[in-house]
Amino acid sequence: FEIARRAYEARDFARSVFYLEELVGGEIPRLSSPPLIAEARKLLAASYVFVGRREAARAQFARLLRDQPDYVLDPLLFPVEVQEVFE
């Protein structure tokens with residue numbers, strides 16, 4: 001997760017997608033902590049937006065909201081294009 005998060009923070013979104021898909025891209029996440037799963041799904045969805053894969057981003061946000069219906073995306077941390085897909 002830390003490698004994926006660092007790739008995201010470095011704006012290397014293709015690399016963050018690669019690592020995050022390994023963690024939460026399938027039906028059953030490889031992570032066991034619900035907060036970590038939510039964070040990984042959020043970063044994967046945002047990364048998808050940045051690499052032009054909006055439908056994949058919507059799917060990850062949908063999974064995130066299915067697991068945590070009250071989840072709120074921080075508007076200060078994510079640009080409008082990510083917020084629009086989340087909504």
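Analyst: A nonpolar core here is a set of buried Ala, Val, Leu, Ile, Met, Phe, Trp, Tyr and Cys residues joined through side-chain atoms within 4.5 Å, where buried means under 20% relative accessible area, exposed over 50% and partly exposed in between, with a 1.4 Å probe and protein chains only. This is a predicted model, in which local features need pLDDT of at least 70 and side-chain atom pairs count only at pLDDT 80 or more, while totals for chains, interfaces and linings use all residues. Residues are numbered from 1 along each chain as its sequence is written, and side-chain values use heavy atoms, with hydrogens and water left out.

User: How should I read the packing of helix 2 and helix 3?

Analyst: Two packed helices are described by the angle between their axes and the distance between the axes. Helix 2 and helix 3 pack at about 140 degrees with their axes 9 Å apart; the axes are lines fitted to C-alpha atoms over the stretch in contact, and angles run from 0 to 180 degrees between N-to-C directions. The pair is therefore oblique, given that angles under 35 degrees count as roughly parallel, over 145 as roughly antiparallel, 65 to 115 as roughly perpendicular and the rest as oblique. From helix 2, Phe13, Ser16, Val17, Leu20, Glu21 and Val24 meet residues of helix 3 that include Ile37, Ala40, Arg41 and Leu44. By class, this contact has 10 nonpolar, 2 polar and 2 charged residues, with Ala, Val, Leu, Ile, Met, Phe, Trp, Tyr, Cys and Pro counted as nonpolar, Asp, Glu, Lys and Arg as charged, and the others, Gly among them, as polar.

User: At what angle do helix 3 and helix 4 cross?

Analyst: Their axes cross at roughly 160 degrees and come within 7 Å, which makes helix 3 roughly antiparallel to helix 4. The contact of helix 3 with helix 4 has 10 nonpolar, 1 polar and 5 charged residues.

User: Is arginine 41 buried or exposed?

Analyst: Arginine 41, in helix 3, is buried, with a relative accessible area of 2%. Leaving aside neighbours within four places in sequence, arginine 41 is in contact with Val24, Pro29, Gln60, Arg63, Leu64 and Asp67. Glutamine 60, in helix 4, is buried as well, with a relative accessible area of 4%.

User: What is the phi of arginine 11?

Analyst: Most residues other than glycine have a negative phi. Arginine 11 has a phi near 65 degrees, a positive value in a residue other than glycine. Arginine 11 lies in the loop between helix 1 and helix 2 and, at 62% relative accessibility, counts as exposed. Aspartate 12, found in that loop between helix 1 and helix 2, counts as partly exposed at 31%.

Definitions and conventions:
Helices (H or I, at least four residues) and strands (E, at least two) are DSSP runs, numbered from the N terminus. Contact means heavy atoms within 4.5 Å.
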